Structure formats: C-alpha cells, structure tokens
Amino acid sequence: MKKSSYTKEEIDELKAWFDAHDDIIPESMYIEESTYSPNLRDTLLTLFEQSYIYSTNPRMQGCVVLLLKIKKKLEEKML
C-alpha cells in the first residue's frame, strides 16, 4: 500500500475514485484512532493539493497515505 512516491496518474486515479463516490463521503471521519477530520471534504481537497505538489518527493507521501486510508474506510463502509 505505501510506496516511496506516487505518479500524477496514480493520484489522478485516486481522485477519480473519490469523485465517483462523492455521495458516500461523510461530513467528518476518524481516519485513524488519533486522526480526526471534522470536515472531510476540506481535508480531501487539501490532501489532494499536497499530493500533486509533492508526488515525486518520497519524504512527503503522508498525504497520499491518508487518502488511501480514507478510501479504504469508505470501501469497508460500502460492503
């Protein structure tokens, strides 16, 4: 799941997934036990902005990792 860097195309695919599932994005979410987003849509916008800016920097991949965790939680909700 975690890689050292992500391509713009991989981030585009992730963005497309969130766009296609916009109707299931809750207002807030505990992403992890200690990571809470009171406004998940704003959080997603910020994480995607950071992901595109830092996609080639291996030290700045936390934003993509959080996006993947959010996606996984939403997918689990869909089951």
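In this predicted model, helix H1 meets helix H2 through Lys8, Ile11, Asp12, Leu14, Lys15 and Phe18, which touch Leu44, Phe48, Ser51 and Tyr52 of H2. By class, the residues of this contact divide into 6 nonpolar, 1 polar and 3 charged. H1 covers residues 8-20 and H2 covers residues 40-53; the two pack at an angle of about 165°, with their axes 10 Å apart. Because angles over 145 degrees count as roughly antiparallel, H1 is roughly antiparallel to H2. The crossing of the two helices is left-handed.

Two packed helices are described by the angle between their axes and the distance between the axes. The table gives these values for the helix pairs.

| Helix pair | Angle | Axis distance |
|---|---|---|
| H1 and H2 | about 165° | 10 Å |
| H2 and H3 | roughly 140° | within 8 Å |
| H1 and H3 | roughly 35° | within 11 Å |

Next comes the packing of H2 against H3. The axes of H2 and H3 cross at roughly 140° and come within 8 Å, which means that H2 is oblique to H3. H2 passes H3 in a left-handed crossing. On the H2 side the contact is made by Leu40, Leu44, Leu47, Phe48, Gln50 and Ser51, and on the H3 side by Cys63, Val64, Leu66, Leu67 and Ile70. This contact of H2 with H3 has 9 nonpolar residues, 2 polar residues and no charged ones.

H1 also packs against H3, with axes that come within 11 Å and cross at roughly 35°. Here too the crossing is left-handed. Ile11, Leu14, Trp17 and Phe18 of H1 meet a list of H3 residues: Val64, Leu67, Leu68, Ile70, Lys71, Leu74, Glu75 and Met78. The contact of H1 with H3 is made up of 10 nonpolar and 2 charged residues, with no polar ones.

The largest pocket has a volume of about 180 Å³. Its lining consists of 12 residues, and Glu10, Glu13, Leu14, Leu68 and Lys71 lie nearest the centre of the pocket. H1 and H3, the latter spanning residues 62-78, each supply at least two residues of the lining. The lining has 7 nonpolar and 5 charged residues, and no polar ones.

Terms used: Residues numbered from 1 in each chain as written. Predicted model: local features only at pLDDT ≥ 70, side-chain atom pairs only at ≥ 80, totals over all residues. Heavy atoms only, no water. Axes fitted to C-alpha atoms, helices over the stretch in contact; angles between N-to-C directions. Helix = DSSP H or I, 4+ residues; strand = E, 2+ residues; numbered from the N terminus. Parallel < 35°, antiparallel > 145°, perpendicular 65-115°, else oblique. Left-handed = near helix turned anticlockwise from the far one by under 90°. Contact = heavy atoms within 4.5 Å. Nonpolar A, V, L, I, M, F, W, Y, C, P; charged D, E, K, R; others polar. 1 Å grid on protein atoms, 1.4 Å probe; cavity = no way out; pocket = protein on both sides within 12 Å on 5 of 7 lines; lining within 4 Å. Points joined across faces, edges and corners; volume = space filled by probe spheres on them.
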